[in-house]
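Here are some notes for a first look at this structure. Please keep the sequence and the 3D view open while reading.

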Amino acid sequence: MKILFTVGGSQAAVFGVAPLASAARSAGHEILLAADEPLMAAAQSVGLPAVCITPERMRYGQDAMTAAVRIDALLELTRQWTPDLVVGGLSHVPRVLAAALKVPFVRHIWHIAPMARRDRTAVAELQPQLERLGLAELPPPDLFVDLCPPPLRPPGAPDGRAMRWVPRVSQRRIEPWMYTRPEGRRRALITAGTRNLMLDTPGSSLRRLVDGLAGAGAEVLIAALPEAAERYGAELGHVRIGWIPLDVVAPTLDLAVHHGGATTAMTLINAGVPQVIVPDNGYGKAVAEAVGGYGAAVLVDPHRPGAGQDPDEVTVAACREILADPGYAERTRTLAAAAAALPTPDQVLRDIEALAAR
């Protein structure tokens with residue numbers, strides 16, 4: 001079987017789909033990952049055969065990748081390599097593609113934020129493309145694969161095939177300090193994912209957050225892009241800053257402070273690590289509310305500090321609260337166990353194979 005996986009957005013989308021794509025490839029299926037130019041390196045880093053759908057004229061940011069451009073690029077790809085099934089994520093563009101090709105479509109996402117309104121708007125915006133392709137409507141997915149652990153699923157979430165989260169990030173040579181705990185000290189990680197230089201929020205200071213964590217007796221690691229490591233490295237002294245393989249380091253952590261990215265949050269949940277989440281957008285806030293509502297995280301809203309409160313003091317206080325209260329770690333481990341009990345990518349692949357065989 002030939003399966004086309006499609007992703008967009010940040011590297012996190014590549015890492016999220018990689019376990020299922022790898023399972024399909026290991027089972028002997030032909031796969032391709034269709035992605036934008038900025039995601040090619042991430043696909044290469046996790047060993048997936050990827051093809052760039054960004055037109056050459058757009059690879060340097062001169063024009064925006066609209067839905068029409070994406071659909072045309074995918075149609076051109078499928079004229080040369082015709083899939084038996086399409087797998088997509090948040091975007092409905094691959095769903096349009098599957099409908100045009102008359103092949104099954106599998107939606108594969110981490111459904112933690114309510115999306116009904118967003119989906120209705122997205123489908124309405126795609127109406128001109130449906131008409132252009134002679135499609136009366138956009139059919140529902142033939143299978144919905146949900147990576148969200150059941151305790152975190154929002155009310156009204158659609159029925160789906162649950163799948164276990166399998167951490168996957170870019171890999172390089174690792175060092176012993178990455179997979180071993182520091183002796184006699186707790187360990188905390190700060191990260192803002194792969195989109196931002198650093199966890200910068202209005203009125204905040206990374207230095208003060210680092211000092212606050214160190215003052216609580218924690219060794220501090222900062223997972224950051226090379227530009228951030230260069231910018232902050234000297235200022236932050238002996239803190240380890242730079243590329244850090246989250247999947248390897250997560251089991252050694254007692255706490256993580258981050259922006260609310262799905263890949264980051266779920267990799268930490270998978271390892272039983274409680275979190276302080278400082279969201280940088282609405283989706284990150286939904287992640288923080290869900291994980292925090294379960295008691296496995298504390299949400300710090302940088303845009304709505306309490307009257308007279310210092311944003312840094314609020315974040316540091318949240319970190320100290322988690323480090324002082326073992327209940328956060330216990331609840332996160334319970335959540336990790338619920339996630340680990342879900343079907344593996346190999347098991348979900350059998351449902352996909354059956355779907356394509358109809």
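Predicted model: local features only at pLDDT ≥ 70, side-chain atom pairs only at ≥ 80, totals over all residues.

**Reading notes**

1. **The seven-stranded sheet.** Start with the sheet built from seven strands. Their order is β3-β2-β1-β4-β5-β6-β7. The sheet is open, and its pairing is parallel. At the edges lie β3 (50-52) and β7 (161-162), each of which pairs on one side only.

2. **Strand β1 and its partners.** Strand β1 covers residues 2-6. On one hand it is joined to β2 (residues 30-35) by five bridges, and the two strands run parallel. Thr6 has Ala34 of β2 as its bridge partner. On the other hand, β1 pairs with β4 (residues 85-88) over three bridges, again in the parallel sense. Here Phe5 stands opposite Val87 of β4.

3. **Burial of β1.** How many of the five residues of β1 are buried? Four are, so the strand is largely enclosed by the rest of the structure. Buried here means under 20% relative accessible area. When looking along the strand, recall that side chains in a regular strand alternate between the two faces of the sheet.

4. Follow the chain from β1 through helix α1 (residues 11-26) to β2. These three elements make a β-α-β unit, and the unit is right-handed.

5. Strand β5 (residues 105-109) and strand β6 (residues 143-146) run parallel, joined by four bridges. Val106 stands opposite Leu143 of β6. Helix α4 (residues 93-101) packs on the sheet and touches β1, β4 and β5. The direction of α4 makes about 170° with that of β4. Helix α3 (residues 67-80) lies across β1, β2 and β3. It runs at about 160° to β1.

6. **The six-stranded sheet.** Another open sheet has six strands, in the order β10-β9-β8-β11-β12-β13, with parallel pairing. Its edge strands are β10 (240-242) and β13 (297-299), and each pairs on one side only. Direction ignored, neighbouring strands are turned by 15° against each other on average. Ala223 has Gly242 of β10 as its bridge partner.

7. **A helix pair.** Helices α11 (residues 262-270) and α14 (residues 326-340) pack with their axes 8 Å apart, at an angle of about 100°. That makes α11 roughly perpendicular to α14. From α11, the contact is made by Met266, Ile269 and Asn270. From α14 it is made by Thr332, Leu335, Ala336 and Ala339.

8. Leu349 sits in helix α15 (residues 345-356). Is Leu349 buried or exposed? At 4% relative accessibility, it counts as buried. Leaving aside neighbours within four places in sequence, Leu349 is in contact with Leu20, Ala23, Ala24, Ala27 and His29. Leu349 and Leu20 are 329 residues apart along the chain, yet their C-alpha atoms are separated by 7.2 Å.

9. **Cysteines.** How many disulfides does the structure hold? It holds zero. Cys52 is buried, with a relative accessible area of 18%. Cys319 counts as buried too, at 2% relative accessibility.

Definitions and conventions. Residues numbered from 1 in each chain as written. Heavy atoms only, no water. Buried < 20%, exposed > 50% of the residue type's maximum accessible area, 1.4 Å probe, protein only. Pairing = 2+ DSSP bridges. Right-handed = clockwise from strand over helix to strand, strands pointing away. Axes fitted to C-alpha atoms, helices over the stretch in contact; angles between N-to-C directions. Disulfide = S-S within 2.5 Å. Parallel < 35°, antiparallel > 145°, perpendicular 65-115°, else oblique. Contact = heavy atoms within 4.5 Å.
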